[in-house]
Amino acid sequence: MPDVTLTVDGNKITAPAGTLLIEACKTAGIEIPAFCYYPGLSLQAACRMCVVRIEKMPKLQTACTTPVAEGMVVQTETPEIAQARKATLQLLLGNHPLDCPVCDAGGECELQDMTFKYGAADSFYTEPKNHREEQKWSPVVYFDRPRCILCYRCVRMCGEGMDVFALGIQNRGSSSVIAPNVPAQLSPEDLPNLDCEQCGMCIDACPVGALTSGAYRYKTRPWEMNHVSTVCTHCGDGCKTTLGVRSVSDGSEIVRGDNRDKSGMNGDFLCNKGRYAFDFANNIERLTSPLVRKDGKLKPVSWDEALKFAGAKLRELRDSRGPQSLGVIGSNRTTNEENYLLQKFARTVLGTNNIDHHRTADYVTLATSIGATTRANGKTRYASQHCVETAPALLFIGGDPTNQAPLTAWNARTNVRLNKARVYIANHEEIKLRRQSKAAIQVSQFGYGALAQYLAGDDKAANATSTVEQADVLSSFREAIKAEDPLIVIVGNEVRGGELANLIKALPHAKFGLTADYVNSRGASDMGVLPDVLPGYQPLTGSTIASEYSVADKPGLDLLAMFDAAAAGDLAALYVVGSNPVKRYGIDPATLGKTFLIVQDLFLTETALLADVVFPAANLYEKSGSVTNSYGDVQLVAKAADKAGTRSDFELIVRLADHIGHDIRTLVPFGKGLRADMGQTRGAQSGEADRHAVWMTANNMEPKLSPFDPFAILDEIQRVVPGYDKLLRLQLLSGNDQNITPAATGLVQIENRKDLVLPSSDTLFTSGSLTRFSPMLQDVQRHQETEVSDHLAAD
Amino acid sequence: MAAVANSIFTPATAARFDKLATIYPLKRSALVPMLLYAQDEVGYVSDEVVAELAVRLDLLELDVRGVLSYYSMLRTVPAGKYNVQVCTNISCMLRGGFELLDHCKHKLGIGHKGVTADGLFSLEEVECIGACCWAPAVQVNYDFHENLTPAKMDAVLADYAAGKGKNEPPSPSIGSAAPEAK
């Protein structure tokens with residue numbers, strides 16, 4: 001749209017026609033206060049805080065509902081406006097408790113800020129305040145009624161943003177109240193409560209402390225925490241979560257997760273797990289000491305003893321029974337650097353290709369099928385998470401984004417609501433996202449392969465695609481999606497192998513995204529934590545990296561084959577990093593009886609219980625590095641919390657290699673090239689380290705002085721892993737995401753590969769093995785189970 | 001075919017609701033009339049009424065409760081058989097509305113929104129009922145009683161108590177139902 005020019009407070013500003021005045025001012029750096037206005041949600045104009053004086057208009061106007069117009073002359077701060085805002089505040093404070101010193105929002109409360117600014121501290125009201133007890137609506141959402149200023153942000157956020165509609169308004173006038181969807185008389189404990197997705201978006205949107213979080217309330221004050229923006233460890237969507245941490249006697253604990261830093265690809269959004277399920281990190285069951293099995297029992301020992309024992313044993317077994325008798329299982333939740341290091345450890349220190357992880361999506365097929373193909377305009381066929389938010393057309397095949405990839409669902413809904421995007425759905429279940437769809441077809445449960453053939457033009461596949469008679473529906477569906485260009489296809493993990501390859505071939509004009517289940521599932525694949533593929537999906541022979549590693553050219557054992565080998569007595573040792581295959585794959589404990597098992601994890605999982613050596617590991621919130629989300633968007637992970645007694649997986653792998661007797665300089669390229677003089681802490685040169693850091697940052701470098709520096713491995717990843725070579729380091733360090741596309745050519749070609757993808761079917765309230773170590777997730781599950789009937793709109 | 005199987009309403013009301021849901025450009029516009037008719041039939045808007053209306057109009061129960069709580073004439077607890085609504089807005093107030101209200105409170109032994117122990121009467125203080133010309137006025141269920149004084153009010157209440165209220169049909173159903181119940 002054409003730009004219009006207007007004058008605000010004497011400054012000429014321009015904005016696209018149709019922009020709301022409040023937004024145009026914000027862009028120009030002029031702040032107009034508002035309680036009810038929330039970008040992206042419908043307009044309410046309930047709070048009257050954003051009033052401004054517009055020339056030639058009678059009375060003050062609300063900036064949140066006034067579109068800019070050519071030649072408009074606006075005043076945003078005059079004594080008249082200040083008086084109006086002050087009067088509004090006095091009305092709001094008429095019944096607002098002045099409990100700021102104990103209120104969770106104190107210090108980051110919009111009402112408090114405005115009261116400071118406009119000084120409405122004295123009230124003309126003599127009536128006693130009408131107090132109501134706070135209500136617990138769910139384990140994570142509490143409501144403090146007198147603090148509510150009736151801005152209706154929560155109601156709109158829940159309905160429009162989340163498509164849940166669990167909050168409403170009841171009564172009228174000054175008795176209006178925000179009400180949850182389960183009234184007292186219908187709830188088991190005779191108190192009103194919430195039957196919803198428990199995302200906490202209402203709490204985030206609340207400008208005051210009326211809605212507070214069960215995980216955080218009354219624990220601390222905002223200014224007493226450090227706020228670290230990092231990537232959520234749960235699903236594969238790659239949301240940023242800002243963790244509030246504070247010092248405790250054994251490190252620093254996480255007290256809050258929220259979305260203060262709205263810079264991430266998730267914008268406003270965080271789901272239940274991103275917001276609250278950090279509590280596993282503070283669980284008292286965390287392992288804090290290495291354990292070694294002595295006389296049949298796991299006993300705490302010193303780090304030195306455990307590492308020496310494990311290293312010597314691995315070396316002995318490697319030398320006596322051969323590298324092919326050793327196996328390594330990697331993780332979906334460790335960083336790219338750790339994944340890369342682990343496979344390098346397996347291939348160069350142990351000398352085996354026996355490395356695998358719990359696969360939750362088939363990225364090898366994605367990379368090899370897209371390969372060198374491009375869209376008609378020569379652009380990439382890999383979708384980014386940002387595409388879901390902005391593309392004009394989305395096709396969801398399989399999966400249930402609302403439960404498995406909540407940000408993908410949020411972005412799709414936002415895109416439909418704000419940009420009128422067209423959503424197409426082919427699924428064997430009635431997923432909730434159908435409510436936003438333009439067209440949806442019911443696929444039979446194992447009909448995705450037939451669907452791919454049908455989309456490719458094979459009309460005979462129609463019957464196998466769907467159990468429902470819907471020939472017309474199918475053909476119009478196919479026509480519609482063929483006509484969409486660009487089309488973003490988001491594929492669930494039902495589709496893999498040949499079916500995925502056919503699907504990618506059938507829609508040559510589309511960009512693809514493949515949803516996986518955990519934060520770095522994609523990264524584990526990209527980094528080659530696989531028996532038949534080197535990092536970047538390069539083959540075991542002929543690639544640069546293969547020649548550097550000089551690895552065996554035969555594919556190693558996959559995860560299941562390793563357990564078969566263990567059962568046959570052929571697996572001498574198994575090194576499991578951040579994974580619980582015994583539980584996940586239902587492995588009989590006796591299988592591992594003859595295998596020397598080393599496990600590093602947060603908790604004594606089913607797998608760790610069987611181990612000979614257990615190392616307590618740090619989780620993703622306690623380390624730095626990078627992770628790659630389902631779509632291939634790489635982001636930096638920052639260290640937020642700290643737990644005494646644990647070490648990062650990175651450090652553990654390096655130390656283990658050291659104790660095996662490997663030259664760790666060949667494992668981690670640290671201390672090469674640039675050597676930093678870290679300067680003096682006192683005296684004339686005391687600022688040297690800082691100046692040095694400035695210089696290195698300006699030159700796109702960081703010091704890698706330690707073998708435990710993940711960035712040393714990131715250097716190597718950028719050097720040898722195709723796709724990751726294009727990473728811009730400053731972008732990464734600035735906290736921005738970058739989409740990675742695997743190499744177009746020279747990729748591994750595997751015929752008849754076993755399908756080892758095991759979707760973890762996590763819901764909004766589960767997260768693999770971490771579920772049972774998160775008290776909040778347990779509470780929320782119990783809460784949702786007590787709901788006798790479904791109070792939500794038909795899913 | 002009925003829109004809802006196993007309706008909690010009488011067949012006549014259910015049929016009326018089936019039609020109501022079809023005559024507005026937006027289905028949900030039928031909510032307020034439906035709530036009123038449902039209240040007339042059931043006596044109040046029960047949770048079952050909320051549930052059925054939500055199904056009929058493709059709304060969430062939360063939406064129905066939101067509308068329901070907005071209107072003071074809709075109630076969620078049973079009223080007495082005769083709901084005495086005393087107006088205390090300006091005209092009635094000037095002509096003794098509050099005296100009338102206080103008299104009723106005293107006479108019936110209940111307060112605003114109260115119900116007598118025998119369930120016969122309930123009392124409500126209401127906003128203008130549109131009978132200013134004949135203030136003070138009282139509405140009992142749907143019937144108006146005007147130009148009242150405490151003495152006249154006593155007579156009105158006595159008539160209702162005796163089953164001879166204004167416009168009350170000498171209904172055989174009421175008369176015959178009582179002995180059967182015993």
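Two strands count as paired if DSSP finds at least two bridges between them. Helices (H or I, at least four residues) and strands (E, at least two) are DSSP runs, numbered from the N terminus. This is a predicted model, in which local features need pLDDT of at least 70 and side-chain atom pairs count only at pLDDT 80 or more, while totals for chains, interfaces and linings use all residues. Residues are numbered from 1 along each chain as its sequence is written, and chains are lettered from A and ligands numbered from 1 in the order in which they are written.

## Sheets of chain A

In chain A, seven strands make an open sheet with mixed pairing, in the order 15-14-25-24-23-16-17. Its edges are strand 15 (297-300) and strand 17 (355-356) of chain A, each of which pairs on one side only. Strand 14 (residues 291-294) of chain A is joined to strand 15 of chain A by four bridges in the antiparallel sense; across this pair, A:Val292 stands opposite A:Lys299. Helix 8 (residues 336-350) of chain A packs on the sheet and touches strand 16 (326-329), strand 17 and strand 23 (573-577) of chain A. The direction of helix 8 makes about 170° with that of strand 16 of chain A. Contact here and below requires that the C-beta atoms of two residues, placed from the backbone, lie within 7 Å. Axes are lines fitted to C-alpha atoms, for helices over the stretch in contact, and angles run from 0 to 180 degrees between N-to-C directions.

A four-stranded open sheet of chain A has the order 11-12-13-28 and antiparallel pairing. Strand 11 (226-231) and strand 28 (642-643) of chain A have a single partner strand each, so one side of each is left without a neighbour in the sheet. Within this sheet, seven bridges connect strand 12 (residues 240-248) and strand 13 (residues 251-258) of chain A, again antiparallel. A:Leu243 has A:Gly257 in strand 13 of chain A as its bridge partner.

## Strands of chain B

Strand 1 (residues 82-87) of chain B runs parallel to strand 2 (residues 121-126) of chain B, with six bridges between them. In this pair B:Cys87 stands opposite B:Val126. Strand 1 of chain B is also joined to strand 3 (residues 138-140) of chain B, by three antiparallel bridges, and B:Val86 stands opposite B:Val138 there.

## Helix pairs

| Helix pair | Axes within | Crossing angle |
|---|---|---|
| Helix 7 (residues 303-321) and helix 21 (residues 649-660) of chain A | 8 Å | roughly 60° |
| Helix 3 (residues 47-56) and helix 4 (residues 61-70) of chain B | 8 Å | roughly 115° |

Helix 7 and helix 21 of chain A are therefore oblique to each other. In this scheme angles under 35 degrees count as roughly parallel, over 145 as roughly antiparallel, 65 to 115 as roughly perpendicular and the rest as oblique. The crossing of helix 7 and helix 21 of chain A is right-handed. A crossing is right-handed if the near helix is turned clockwise from the far one by less than a right angle, and left-handed if anticlockwise. Helix 7 of chain A contributes A:Leu307, A:Lys308, A:Ala310, A:Gly311, A:Leu314 and A:Arg315 to the contact, and helix 21 of chain A contributes A:Arg655, A:Leu656, A:His659 and A:Ile660. These residues divide into five nonpolar, two polar and three charged. Ala, Val, Leu, Ile, Met, Phe, Trp, Tyr, Cys and Pro count as nonpolar, Asp, Glu, Lys and Arg as charged, and the others, Gly among them, as polar.

Helix 3 of chain B passes helix 4 of chain B in a right-handed crossing. B:Val50, B:Ala51, B:Leu53 and B:Ala54 of helix 3 meet B:Glu61, B:Val64, B:Arg65 and B:Leu68 of helix 4 of chain B. By class, the contact of helix 3 with helix 4 of chain B has six nonpolar, no polar and two charged residues.

## Backbone exceptions

A cis peptide bond joins A:Asp485 and A:Pro486, with omega about 5°; A:Pro486 is in the loop between helix 15 (471-483) and strand 21 (487-491) of chain A. In chain B, the bond from B:Ala135 to B:Pro136 is cis, with omega near -5°, and B:Pro136 lies in the loop between strand 2 and strand 3. A:Asn171, not a glycine, has a positive phi of about 60°.

## Contact between the chains

13 residues of chain A are in contact with nine residues of chain B. Strand 8 (residues 167-170) of chain A supplies the largest share of the chain A side, three residues.
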